Structures are given as C-alpha cells and as structure tokens.
Amino acid sequence: MKLPGLYVHIPFCRSKCPYCGFYSLASTSLVSRWLDAFKKEVISYRGRFRCFDSLYLGGGTPTFLEVKTLKAVVDCLFSNFDFAPDTETTIEANPADLTPEKIKRIRGMGFNRINVGVQSFDDEALLFLGRRHTAGEAELVLKRLRSCGFDNIGIDLIYGFEGQSLKGWIETLKKALVFRPEHLSCYQLTFEKGTPFSKMKERGMIMPLGEEKECDFFTSTSKFLEVNGYDHYEISNFARKKAFYSRHNQKYWCHTPYLGLGPSAHSFHNSTRWWNVRSIRKYCEALENREAPVEGREGLTNEQMILESVALGLRTKKGFGLKQIGHDPKMMEMLFRLKKSGHIRIDKDSVVPTEKGYLVADCLPLYVIV
Amino acid sequence: MMPKIRNFSIIAHIDHGKSTLADRLIQRTGLVEDRKFRDQILDDMDIERERGITIKSQAVTLPYINKNGEQFELNLIDTPGHVDFSYEVSRALASCEGVLLVIDASQGVEAQTVANLYAAMEHDLAIIPVINKIDLSSADIESVKEQIEVDLALDSDTAILCSAKKGTGIEDVLEAVTEQIPPPSDDADGHLMALVFDAHYDPFRGTIVSCRIFSGHVKSGDRIRLMSNGATYKVEEVGIFRLGREPRGRLSVGEVGYIIAGIKTVSDTRIGDTITLDCDPAPNPLPGFREVKPVVFSSVYPVTSEDYTALTDSLEKYKLNDAALVFQKDSSAALGLGFRCGFLGLLHLEIVQERLEREFGQSIIMTVPTVQYRFVLANGETIRVDNPLYYPDPAGIEKAMEPYIRTSILIPERYMGVVMELCLERRGENSRFNYPTPGRIEVQIDMPLAEVIYDFYDRLKTVTQGYGSFDYDLLDYRKNDLAKLDILVNGEKVDALSQIVHRDHARSRAVQACKRLKEEIPRHLFKIAIQGAIGGTIIARSTVSPFRKDVTAKCYGGDITRKRKLLEKQKKGKKRMKMVGSVAIPQSAFVAVFKTDSK
C-alpha cells in the first residue's frame with residue numbers, strides 16, 4: 001500500500017486572478033483566526049493517518065503568507081504528523097512574492113520542491129491573466145531558486161487564450177526550458193464556473209480558441225516538450241524523467257489516500273471522500289466549536305471506484321489496469337474499437353491513452369464503461 | 001319528493017373555458033368546499049391538468065335547488081375536447097338532453113364550436129349558448145352574438161353571459177339548465193337499457209362503467225349483459241358520481257351513474273355499448289355503437305432490451321384504463337423486441353408515451369408514427385401495412401393506397417395564402433372554401449392522413465399565428481405512388497427509421513431525415529455517416545463529424561467527485577439512447593426524423 005499524501009490549502013492571495021476557480025480570499029484580516037483553526041484541524045487528525053510521504057502546500061498563494069505564519073504551519077504539521085524520510089515537500093509560489101530573503105527562509109523550512117506560478121513569459125499575456133509580476137521578474141526568481149539549492153523546480157504555465165499565437169506560446173515554452181525545470185504544468189485555459197473569465201466569456205468579451213486551434217496547441221505543446229526530453233505523463237503535466245513526476249499529484253490519480261486540510265480541501269481514504277467547507281469563516285467557526293469543518297462526504301461504491309479509476313487512468317500515461325474493469329467481453333470489444341480508432345494503446349494488461357486519447361479524455365470513459 | 005333530473009354536457013372550442021365553467025358549477029352547487037377546491041376538478045390526470053385538455057370524460061351529479069325551490073339533480077357529463085376522441089364525445093352527448101355551448105367572448109365562434117354544435121344537433125339536444133370570459137378587455141359580446149345568429153343559426157337572445165373565471169353569471173347558467181334542457185324521458189318499466197359512455201379502471205374494484213340509463217333500472221345483485229359481445233356480469237354496486245363515487249340502492253331511468261360488476265379490464269367494455277339485464281334483455285341495443293379503430297400506428301421499444309418484460313407489464317396495466325389503445329408484439333433488427341401500437345390519433349399517442357414514461361417509469365423509444373396503407377399485390381391479394389417493416393416486395397405491388405381525410409380548417413381570411421401553401425405542400429387536393437362569416441374562411445381540402453399525423457397541426461398553428469383551427473373526417477383510400485425510404489447509419493440499415501413516403505417526395509423527405517438525424521445524433525469519437533436510400537439507391541446523406549477535443553486541463557483532489565458525477569450523468573443519458581452498432585442514437589431521433597422543416 002502506498003503512503004498517503006498531505007495537502008494544505010492556504011486560502012489567501014494578494015489578488016484574485018480572473019481565470020482561477022480555487023477558493024481564496026484577497027485579504028489578510030482572517031489569517032490569524034484561520035491559523036488557530038488550522039492548528040485545531042491538524043490536531044483533530046493526529047494519529048488517524050500513518051506516515052505521509054508527500055506534503056503539498058497549495059492554495060491560494062502559500063508564499064503570500066508572512067514567513068512566520070508559513071513557519072507556524074509547517075512546524076504544526078511536522079510536530080503532529082509522521083513523514084517518511086524521503087518525503088516530497090512542495091510549496092506553490094507566486095514569483096511576485098519570492099524575495100531573495102523569502103526564498104532562503106522557505107528553503108530553510110525543508111521544502112525540497114517548489115512549483116512556481118509563472119503562467120507566461122510574455123508580459124502582455126501576464127497582464128491579460130491578471131498576474132502581478134513581469135516575465136523578467138519571474139526569470140530572476142527562477143535563477144535565484146536554482147542558486148539557493150532548489151533542485152526540483154516546477155513551472156506552471158497557461159496557454160490557449162484569445163490573441164495568443166502558437167508561435168508566441170512556443171516562445172514561452174522555450175524561455176521556460178532555459179531553466180531546465182524538472183517539472184512543467186501546461187494548462188490550456190479553462191473557463192472555470194464563477195470566475196471573471198467565465199462571466200466575460202458569457203458576455204462575449206473573451207472567445208475560446210475553438211476546437212481546431214485548441215487541438216493544435218495541445219499537440220504542439222506535447223510534441224515540443226517530448227522532443228526536449230519531457231515525459232507527457234498527464235494531460236497537463238510534463239516531467240524531465242520519471243523521478244520528477246509529481247509524487248503528490250499522482251496520489252489523486254491513483255486512489256492513493258490523501259488528507260486535505262483547510263477550507264475547500266478534499267480528502268480520500270478507504271473508498272471515502274470528504275471535503276471541507278468552502279468558506280474561511282465557516283471553517284473557523286466549525287473548528288472553534290470543536291466540530292469538523294466537513295461539508296460533504298461520500299462513500300464510493302465498487303462501481304464508482306472503477307469508473308473513477310478508468311477516468312483518472314485515462315488522463316495519465318500509466319493508464320488503467322485491464323483487471324480493474326474485470327473481463328467483460330462488451331468492454332473488451334469497446335476497447336479494441338478505441339484501439340483501432342487510435343485513442344488508446346493496450347500494453348499487456350493496461351490500457352493507455354494516446355495523444356489523440358488525451359484530447360478526449362473527458363468522454364473516453366463513457367466508451368470504455370458500458 | 002324525488003329531485004328532477006337534467007343531463008347535460010359542456011362543449012367548447014379548446015381554451016374557451018369549458019373546464020373552468022365545469023369547476024365553477026361544481027363549486028356553486030356546494031359539492032365541494034371552496035377552500036378544498038382544486039382547479040379543474042373533472043380533469044384528474046396530471047397530463048390533462050398540464051395540457052389543459054380533457055382526455056377522459058367523466059361525470060358528476062350536482063344537487064341544485066332552483067329559484068322556485070324545486071330540487072334538481074344535474075348530471076354534468078364532461079367530454080374530451082380533441083378530434084382524436086370524437087367518438088367518445090358522441091357517446092357522452094348521446095347520454096344528454098342538452099348542452100352548454102361555450103364561446104369565448106373575445107375569440108368568438110371557432111371550428112370546434114361549429115363541429116360541436118353539429119354533433120349536439122345530431123343528437124337533438126337542447127343547446128344553450130354561453131358567452132364566457134366577458135371580463136376580458138378584448139371581449140366583444142355584440143359580435144359574438146352576431147356570430148351565434150349567423151354562423152350557428154341560434155337565438156342569441158338566449159345566450160347567457162358569464163365569466164367562469166370570475167364566477168359571474170353562474171347562477172344564470174344553472175337556471176337555464178333547469179329551464180331549457182328537457183327532462184329525460186320516463187320509461188321506468190321498460191327493459192333496462194344503459195348507454196356506456198366511459199369506463200375507467202380502479203385497482204380495487206376493477207372497471208367502473210359510467211352509464212346513462214335510458215329505460216328500466218339496475219341494482220346490485222342484477223345480472224347484466226353487454227349487448228355488443230353478450231358477456232354477462234353480476235352487479236356488485238351501483239351509484240352516482242359526486243367528487244368520488246357514492247353508492248345508491250339502484251340507478252333508475254334518466255339517471256347517470258356507475259356500475260361495478262367485476263369487469264376486469266376496461267377493454268372488456270366498449271364505449272357506446274348498451275347494458276341490459278341478462279334475464280330480461282332489451283330486444284335492440286341503443287343506436288350508435290361502433291368499434292373504435294386506431295388510425296395512427298407506431299412501435300414502442302424499451303431503450304434497453306432487458307426492460308422488455310417491464311414494458312410488457314406496463315402496457316398491460318396501462319391498457320386496463322385505455323380501451324382505445326391496441327398493441328401487439330413487434331420486433332426490429334435495430335431495436336429488438338417491442339410492440340406495435342395503434343392509436344386514435346397523434347395526441348392519443350403522445351399521451352400514451354408520456355404516461356408510460358411518467359407513471360410507469362419506462363424508458364421507451366417510439367418510432368415514426370404511420371398510417372395504415374393498403375397494397376394490392378400482383379396475385380390479387382390486398383394487404384394492410386401499418387408498419388414500414390412489412391412493406392411488401394416492390395416488384396409485387398400492383399397498386400398502393402393510402403387513407404385520405406377531409407379537413408375543416410377555419411381561419412381568418414388573411415391566412416388563406418399560407419394555409420393553402422401548407423396544405424398543397426402536404427399533397428392536399430380538391431379544395432373548397434366556405435365563408436361562414438365575413439372575414440373568415442373554412443378550407444375543406446382532401447389530404448392524405450399520413451401528411452397530417454405528425455406535425456400538421458403544429459405547423460398550422462404556426463403559420464396562422466394560433467388563429468387556425470383544425471378538424472377532420474376520414475374519407476377513403478386512394479391510389480398513390482408510394483415507396484419505402486430506408487435510413488442507414490454508418491452503413492447499417494436502421495429498420496426503425498424507415499418510413500413509407502410518396503415517391504415524388506422521397507428525395508426531400510430523405511434529405512430532411514438525414515438533416516434531422518444529424519442534429520439529433522450527438523457527436524461521437526468517430527465520424528458517423530447518415531444515408532437515406534430507396535431500394536439500393538442512396539438519395540441523401542449527411543455526416544456527423546467526430547469531436548476531437550473534450551478534456552479539461554485540471555484534475556486534482558477537488559475535481560474528481562464532480563468529474564465522476566458528470567460521467568455518471570452522461571452514462572445515464574447514454575443509457576436512454578439506443579446503440580446501433582457503435583452509434584448512440586437518442587430516443588428523440590426516432591420521431592424527429594419525421595419532422596418537416598419549419599421555415
């Protein structure tokens with residue numbers, strides 16, 4: 001059995017980016033109340049999970065917190081939970097927050113992996129995406145991270161928005177490769193429900209690229225990065241070699257247990273998934289009243305587990321195991337049809353999506369599970 | 001003293017306020033407390049309530065004391081308000097001595113008003129015109145009165161003004177019923193003759209037969225005989241309808257009520273049949289009985305073949321309460337085992353479809369509705385075909401014939417052009433115009449029934465902006481050049497999508513069908529070719545292009561549940577589609593293929 005992962009959702013940002021659907025507040029007024037509540041939540045889970053081998057601080061913007069707050073979070077985790085010796089500890093960072101001083105302090109806290117939200121190396125694009133840093137600033141930060149000893153750096157990029165040319169996007173990728181990042185996440189712009197971008201789209205102020213261009217961007221990205229030595233190991237994720245696959249994120253895709261702390265965080269354990277309230281205030285109130293800040297919970301049936309395994313597997317290079325779906329002749333028939341149409345490969349006993357399959361990963365499971 | 005009896009019905013063009021008036025009469029006679037009152041008491045099926053039309057007729061006995069202090073029992077017999085059910089209407093009218101002819105004060109006399117009037121006149125009924133909705137600002141009472149005089153040739157001075165909605169004039173209506181409608185004839189000593197005008201199924205009591213006693217009387221313990229088939233039953237209970245059933249010692253001449261006699265299904269009774277006593281039968285039945293024959297046919301299949309048994313069960317249960325539906329086993333290469341059903345008309349078909357889905361929880365596919373064709377074969381044999389599956393070998397067809405109707409379309413003059421265009425498009429011929437009043441035209445035209453069963457009425461309403469009304473009579477069978485149009489999906493012939501068409505229209509029908517299917521069939525991972533063919537010749541085609549991208553960028557802890565739920569929902573949706581080879585065809589496609597362009 002694989003070791004569980006630990007996720008902490010830091011629900012604060014300096015400002016909200018118009019494309020982002022994650023929960024956070026652009027205000028610091030609740031930070032100390034949240035920290036107290038967070039400590040209570042940590043204690044409530046003490047002893048309930050065995051040793052973790054990944055820690056991921058996401059959000060929100062963890063680096064937006066003051067160093068002493070971040071330190072308190074990390075200390076609280078290390079003093080209440082057990083971690084394996086080789087634990088992957090990741091922090092998500094906004095280049096705008098990463099002063100030389102902060103980089104040193106973060107490194108000092110024991111983070112061995114940093115994921116930088118660069119989003120683009122094009123200043124115009126950064127403006128459109130509502131980011132509070134320039135390309136030059138991001139480049140400087142990446143250099144500093146290297147010199148401070150970070151030997152596992154991930155860069156997050158967004159592509160495929162109106163006005164961006166394929167050529168411009170490849171330029172951004174080239175600039176990212178200058179830093180030889182161990183990991184790259186390339187997210188095609190999605191209009192998340194409730195975000196300013198999605199509202200603008202409804203009003204016709206932003207147009208999606210359209211199916212054909214979106215496909216072009218996706219396949220070009222994959223080709224370009226594979227040529228440059230990156231494994232396209234998940235729809236939006238690339239790594240320089242297997243060792244640099246995000247250990248923590250893979251847990252989400254393999255039904256490995258994980259504990260999520262903080263508002264809106266999701267947890268999974270023993271075929272059960274539960275999720276916290278999506279409100280700092282409610283989160284704090286619950287914990288202050290010695291209640292779990294859990295909003296919902298679901299026990300997955302065997303059938304649901306299989307559906308998820310297939311759906312999640314088809315988003316990764318690993319695919320899913322044939323034995324997971326049993327040996328249903330109808331499903332086998334469908335699989336061979338998908339193989340013939342070039343959406344999947346069947347490697348021994350596992351089913352693996354092709355590039356063409358990645359592009360339709362959301363509906364592929366419907367063709368597998370009949 | 002025995003209360004006096006009046007038997008009457010309310011007839012009206014659709015939406016002229018028949019149901020509201022019925023409700024108001026029930027309310028005024030104190031049968032139900034105001035606060036318990038649900039609108040449209042007589043229409044007790046959900047679908048009726050939603051569509052605002054009456055499907056099954058029902059009756060109710062209203063106690064009433066008139067202004068002279070005389071006691072009455074007023075039997076209100078509700079009639080269905082749609083052409084599909086004209087026979088049921090005629091039996092309900094045969095049970096009355098008079099009718100209230102409701103006319104909307106702003107719409108005036110419409111096609112069904114006239115048709116209803118003629119129906120009432122055929123039964124020699126007293127006719128009381130009631131001008132309803134006088135509270136509307138658009139009410140034009142004077143011109144409606146003129147129409148009553150000119151179009152209907154009735155005395156407009158006898159017309160009663162009311163607003164059923166506001167409750168004004170209701171007293172006048174009730175008084176008129178007692179004064180103007182003659183009492184039923186009084187032959188208490190004759191043989192029992194009871195006219196069946198409705199029947200419905202009660203899970204505890206079996207069939208409840210609604211009837212009007214024309215002579216003699218009936219009580220529990222009597223052995224009754226149904227004169228159409230000679231079946232006999234022992235009467236368990238008789239009574240009258242209040243809001244529920246109210247048992248009585250006996251039903252006597254002139255009365256309207258119910259008989260419960262251990263009759264298992266509604267199909268064992270026939271609307272229009274005469275009930276008599278087994279020991280002392282009447283020499284002849286009451287006139288007017290005829291077998292109801294279906295005119296529209298369609299097949300019903302379960303979406304998944306495992307549900308066949310459940311569908312069988314549901315149809316049998318449904319049939320308990322709907323004698324007009326006929327069905328028999330059917331099978332299709334594309335859709336598996338199912339049933340071929342016959343309906344009175346398209347509305348009847350839709351009602352059956354909705355009730356099977358809603359009340360019985362069945363996921364069904366209904367194929368394109370069709371009429372019954374006749375083919376004279378080379379060997380001299382004539383065969384009847386109501387299912388394209390059984391279209392005979394074209395080489396052996398000597399003569400092909402299809403049923404024709406004569407329409408009665410009533411429209412304001414300004415729509416004559418568009419209506420004629422529509423009718424001619426639908427192979428109308430032999431048109432005649434009548435001018436019932438200045439500014440209005442009645443278009444009589446002969447048309448193949450096949451051309452009106454699908455969406456003719458919808459199209460008529462569209463082109464006339466709602467002002468057109470439509471009624472028809474079946475005429476005869478006429479010779480035509482017919483052909484069978486097949487549809488192929490990815491090269492596979494889908495027999496359930498076949499239709500019989502006029503050869504001149506074959507190409508346009510095929511193009512239309514391919515276009516519709518292209519709209520109805522969702523995109524798949526692969527290309528889908530849709531073709532229309534006659535014999536082996538492809539005459540139309542369309543393509544559903546595959547989708548290339550359907551993927552969201554992010555999938556982390558918080559996204560998985562949502563993603564799975566979406567997949568589960570899509571999976572459920574797909575379950576409601578029919579797999580033909582590897583193509584999922586939605587239920588709607590099987591009927592949409594028939595829909596014409598709404599230009």
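Biologist: What does B:Ala153 count as, buried or exposed?
Modeller: The test counts other C-beta atoms, placed from the backbone, within 10 Å of a residue's own: 20 or more is buried, 12 or fewer is exposed, and in between is partly exposed. B:Ala153 has 9 such neighbours inside 10 Å, so it goes down as exposed.

Biologist: Before we go on, what kind of model is this?
Modeller: Residues count from 1 along each chain as its sequence is written, while chains get letters from A and ligands get numbers from 1 in the order they are written. Local features need pLDDT of at least 70, side-chain atom pairs count only at pLDDT 80 or more, and totals for chains, interfaces and linings use all residues, since what we have is a predicted model.

Biologist: Back to B:Ala153, then. What is its phi near?
Modeller: B:Ala153 sits in the loop between helix H5 (141-150) and strand E6 (160-161) of chain B; helices (H or I, at least four residues) and strands (E, at least two) are DSSP runs numbered from the N terminus. The residue is something other than glycine, yet phi is positive, near 55 degrees.

Biologist: Which residue of chain A has a positive phi of about 45 degrees although it is not a glycine?
Modeller: Look in the loop between helix H6 (166-177) and E6 of chain A. The one with phi of about 45 degrees is A:Arg180.

Biologist: And the peptide bond from A:Gly59 to A:Gly60: cis or trans?
Modeller: A:Gly60 belongs to the loop between strand E2 (52-59) and H2 of chain A. Omega for the bond from A:Gly59 is near 25 degrees, and that makes it cis.

Biologist: How do H1(A) and H2(A) run, roughly parallel or roughly antiparallel?
Modeller: H1 (residues 31-44) and H2 (residues 67-80) of chain A pack at about 10 degrees, with axes 10 Å apart. Axes are lines fitted to C-alpha atoms, for helices over the stretch in contact, and angles between N-to-C directions run from 0 to 180 degrees. Under 35 degrees is roughly parallel, over 145 roughly antiparallel, 65 to 115 roughly perpendicular, and the rest oblique. So H1(A) and H2(A) come out roughly parallel.

Biologist: How many nonpolar residues does the contact of H1(A) with H2(A) have?
Modeller: Contact means C-beta atoms, placed from the backbone, within 7 Å, and the residues involved include A:Leu35 and A:Phe38 of H1(A), plus A:Val73 and A:Leu77 of H2(A). Ala, Val, Leu, Ile, Met, Phe, Trp, Tyr, Cys and Pro are classed as nonpolar, Asp, Glu, Lys and Arg as charged, and the others, Gly among them, as polar. Alongside one charged and two polar residues, the nonpolar ones number nine.

Biologist: Which element gives the largest share of the side of chain A that touches chain B?
Modeller: The contact takes 36 residues from chain A and 23 from chain B. Elements of chain A that each supply at least two residues include helix H8 (211-227), strand E9 (258-261) and helix H11 (302-313). The largest share, five residues, comes from H11(A).

Biologist: In chain B, which are the edge strands of the eight-strand open sheet?
Modeller: Its order is E11-E10-E16-E7-E8-E15-E12-E13, with antiparallel pairing, where pairing takes at least two DSSP bridges between the strands. Neighbouring strands are turned by 40 degrees against each other on average, direction ignored. Pairing on one side only are E11 (232-234) and E13 (245-248).

Conventions
Two residues are in contact if their C-beta atoms, placed from the backbone, lie within 7 Å.
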